[in-house]
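Subject: The structure you asked for, with notes

Hello,

Here is the structure for you to open alongside this message.

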Amino acid sequence: MSATDAPETIVVTRSDDRVVVQLNRPHVRNAINQQMVDELHRVCAELEVQPRILIIAGAHGVFASGADIAELRDRTSADALAGINTMLFLRIAELPMPVIAAIDGVALGAGAELAYAADFRIGTHRAKFGNPETALGIIAAAGALWRLPQLVGEPLAKEVLLGGRILDADEAVAAHLLSKVVDPADLIGAAHKTADEIASKSVAATIQTKALLRLDRDRHPQADLDAQAVLFDSDDKRQRMTAFLERKKK
């Protein structure tokens, strides 16, 4: 079977304010291969044109076990420089609206790096994070080397990246890598609840806030003021503030 004939590696569910993507390669524990990368790029292209919240989850009790080693073994220096997973995870992180990772089971290697690229991470008690790349003769080059220290601090990141430490759900919550832990049956519902909270807010203000959070310190406060100037003149701002004042009168 050729790659073009292979079954889709993700299941996509769309609604007006969100898109849910389920990684679906259960026979290899949702390992990320080139086909999955291509399919996720297509979802990103859609969300760049029509911004919506993205929820990413894994099928069958696993988030993603890493990159597909069968493919990874045959990749060359040219593939490394192309940043196959790196470019995808950057694109996911830079989507206009927030990204929520719903993590059940393992998120290892590239699977962990995909989770690190999300704005919110919600997990179950079965969630585990790790970056075992050095055991395979490579490095965690798709974002973990700089995202993980930002998320959990350098000392703990070194334990994961250099020492091979696997973080369980309780450790991930303590390190603020996970925002909450829920029962497996409640995971997608919890992700949707977070999405509901985001969706109730102004889309324009949410997009601006996410974009501004990515900027270097020297771009603030001027970038904040420029964005605020646009929002201050919006009909959405006037309508939301008028509704707030009317509720307060009651």
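This is a predicted model: local features need pLDDT of at least 70, side-chain atom pairs count only at pLDDT 80 or more; totals for chains, interfaces and linings use all residues.

How many bridges join E6 to E9, and do these strands run parallel or antiparallel? Three bridges join them, and the two strands run parallel.

E6 and E9 belong to an open sheet of six strands, which are ordered E1-E2-E3-E4-E6-E9 with mixed pairing. The edges are taken by strand E1 (10-14) and strand E9 (180-182); each has a single partner strand, so one side of each has no neighbour in the sheet. On average, and with direction ignored, neighbouring strands are turned by 20° against each other.

At the E1 end, a hairpin through three residues leads from E1 to E2. E1 pairs with strand E2 (residues 18-23) in the antiparallel sense, over five bridges. If you click on Val-12, you will find that its bridge partner in E2 is Val-21.

Strand E3 (residues 53-58) runs parallel to E4 and is joined to it by four bridges, with Leu-54 opposite Val-99 of E4. E4 also pairs with strand E6 (residues 120-124), again in the parallel sense and over four bridges. Here Ile-100 has Phe-120 of E6 as its bridge partner.

Is E4 mostly covered or mostly open? The strand is mostly covered, with five of its five residues buried. The burial applies to both faces: Val-99, Ala-101 and Ile-103 are buried on one side, and Ile-100 and Ala-102 are buried on the other.

**The nonpolar cores**

In soluble globular proteins, nonpolar side chains tend to be buried together. In this model, the largest nonpolar core has 50 residues. Leu-23, Leu-54, Phe-63, Phe-89, Ile-103 and Phe-129 are the ones with the most contacts inside that core. Helix H1 (residues 34-49) gives the most to it, with six residues. There is also a second, separate core of 14 residues, and its members include Ala-57, Ala-102, Val-182 and Leu-187.

Setting aside residues up to four places away in sequence, Leu-54 touches Val-19, Val-21, Val-43, Leu-47, Leu-95, Pro-98, Val-99 and Ile-100.

Ala-115 sits in helix H5 (residues 110-116). Its relative accessibility is 0%, so Ala-115 counts as buried. Apart from residues up to four places away in sequence, Ala-115 touches Phe-63, Ala-101, Ile-103, Arg-121 and Phe-129. Ala-115 and Phe-63 are 52 residues apart along the chain, and their C-alpha atoms are separated by 8.8 Å.

Ala-82 belongs to helix H3 (residues 77-82). With 46% relative accessibility, Ala-82 counts as partly exposed. How far is its C-alpha atom from that of Phe-129? The two C-alpha atoms are separated by 25 Å, and the residues are 47 apart along the chain.

Thr-206 lies in helix H10. Its relative accessibility is 13%, and Thr-206 therefore counts as buried, the cut-off being under 20%. Leaving out neighbours within four places in sequence, Thr-206 is in contact with Met-97, Pro-98, Ile-198 and Lys-201.

**A pair of helices**

Two packed helices are described by the angle between their axes and the distance between the axes. For helix H10 (residues 203-213) and helix H11 (residues 222-232), the axes come within 11 Å and cross at roughly 175°. H10 is therefore roughly antiparallel to H11, since angles over 145 degrees are counted that way. On the H10 side, the contact is made by Ala-204, Ala-205, Gln-208 and Leu-212. On the H11 side, Ala-223, Asp-224, Ala-227 and Leu-231 make the contact. Taken together, the residues of this contact divide into six nonpolar, one polar and one charged.

Happy to go through any of this with you on screen.

Best wishes

Terms used
Residues are numbered from 1 along each chain as its sequence is written. Side-chain values use heavy atoms; hydrogens and water are left out. Axes are lines fitted to C-alpha atoms, for helices over the stretch in contact, and angles run from 0 to 180 degrees between N-to-C directions. Angles under 35 degrees count as roughly parallel, over 145 as roughly antiparallel, 65 to 115 as roughly perpendicular and the rest as oblique. Contact means heavy atoms within 4.5 Å. Ala, Val, Leu, Ile, Met, Phe, Trp, Tyr, Cys and Pro count as nonpolar, Asp, Glu, Lys and Arg as charged, and the others, Gly among them, as polar. Buried means under 20% relative accessible area, exposed over 50%, partly exposed in between (1.4 Å probe, protein chains only). Two strands pair if DSSP finds at least two bridges between them. A nonpolar core is a set of buried Ala, Val, Leu, Ile, Met, Phe, Trp, Tyr and Cys residues joined through side-chain atoms within 4.5 Å.
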